[in-house]
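User: Please take one part of this model and go through it closely. I want partners and geometry, with cut-offs stated.

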Amino acid sequence: MEHKRNTFRTNYFDVFRRTVMWSKWYMNEERRLIEKAVKTFAEKEVRPFISAMEDEDKSPKELVLALTKLGFLGYTIPEEKGGSGVDWVNYGIVIEELGKVSGNMAFIALLQGEVFAGFMASLANEQQVEKFLKPALRGEYLLGGWVTEPGGINDLGSFETKAQLDGDEWVINGGKIFATNADSMDLAVVACGPVDEVPSADNIRYIIVPKDAAGFVPGHIENKVGFNGSRTGQIYLNDVRVPKENDLGLGTELFNYHMFLGYCGYAAAMLGGMETVFEQTVGYLKQRMSGGKALWDTHETIRFDIGKLWQAIDTYRNSLYGALVGMNNGTDMYLSMIALKHDGERLMEHVCSECMSLYGGLGLVKETGIERFYRDAKMYSMVCGSTKTLTGLISSQL
């Protein structure tokens, strides 16, 4: 019986990925090599780790640091600051390939490679670059970036985390919720309000806190619907003292800007997830026999449904990489990135739902992997700005 089940899994879950002709007009020799290298890493290193992330909520910290050591997470950082040179298209390719295998791995990698590291690169002085940023981009530190408090990320006036300068040290008291890498990070950028003023976008200070700082205590780790392995939870700061040299300065608008730029990473990760679910489903339909014929040949409506999904995914791909090329050329794609994150979640959820239905009863079996991508789609809709918030951001600029 076990032998038959293993054979069943091989026949129905492992061999249905196929090559689909996506329009990759932006590729060149270097990018094909990057794509191949990251694909190999994802298949050999990340895929075997999925069960540990899903079943044990184990952080892929070592895998992320290995990617950083290989130079795959520094594409948005200038060379003089430890990166490999600014190339947003290369960055998109890396995150897309990771997203094909694991949404959680792609999520942690995009935070490490752009949202957190990019913000540090924009604010850090030369000493901070050498002490914190370059080691992080060499794969020595896993980064965190914590802003959200019980009052909400947008209610800066109710910030309870405060920092006060005492001689040559900053003394921090407070706490955060929904802190990614809460108990697995090595360094975190913590947003702190002033002690003697009402917190606002103009006086929130960003201070680097190491994991071994006295008074830093990770709290409850949340049991989320998706992104298992990202170790999201509460953290507490009780008279945490760090050198004043750890202060990156004031930069709320800059932090938000890098978060929005990082949305291209979310878009690339979602694109990768959609591709995997789509390609796997097409392969299944072409090989699953019913009444002596493949499902693909039996029902014309199935082919129509698949064709519509392909159109939607490929259009999204072209929008994403068109925006990334624009960023390489220096064009401000601020609103486009917000729109891509917003639309990507809805499209990924739709693709997963449709493919789950096309799989029939097998679509409900966890081993197909579709439900994992389906759950991650809902996570993409919430993290670092919900779809409702993003709609408000776009409309406020019109």
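Which residue in β7 stands opposite A179?

Analyst: G233 in β7 stands opposite A179. This is a predicted model, in which local features need pLDDT of at least 70, side-chain atom pairs count only at pLDDT 80 or more, and totals for chains, interfaces and linings use all residues. Residues are numbered from 1 along each chain as its sequence is written, and side-chain values use heavy atoms, with hydrogens and water left out.

Strand β7 covers residues 233-243 and is joined by eight bridges to β3, residues 169-179, the two running antiparallel. Strands pair if DSSP finds at least two bridges between them. Strand β6 (residues 216-221) also runs antiparallel to β7, with four bridges; F216 has L237 in β7 as its bridge partner. Helices (H or I, at least four residues) and strands (E, at least two) are DSSP runs, numbered from the N terminus.

Contact means heavy atoms within 4.5 Å. Residues of α9 in this contact include M270, L271, M274 and F278, and those of α11 include L309, W310, I313 and Y316.

Helix α11 has 29 residues and spans 42 Å from its first C-alpha to its last, close to the 42 Å expected at 1.5 Å a residue (1.5 Å times one less than the number of residues). After α11 comes G330, with a positive phi near 90 degrees.
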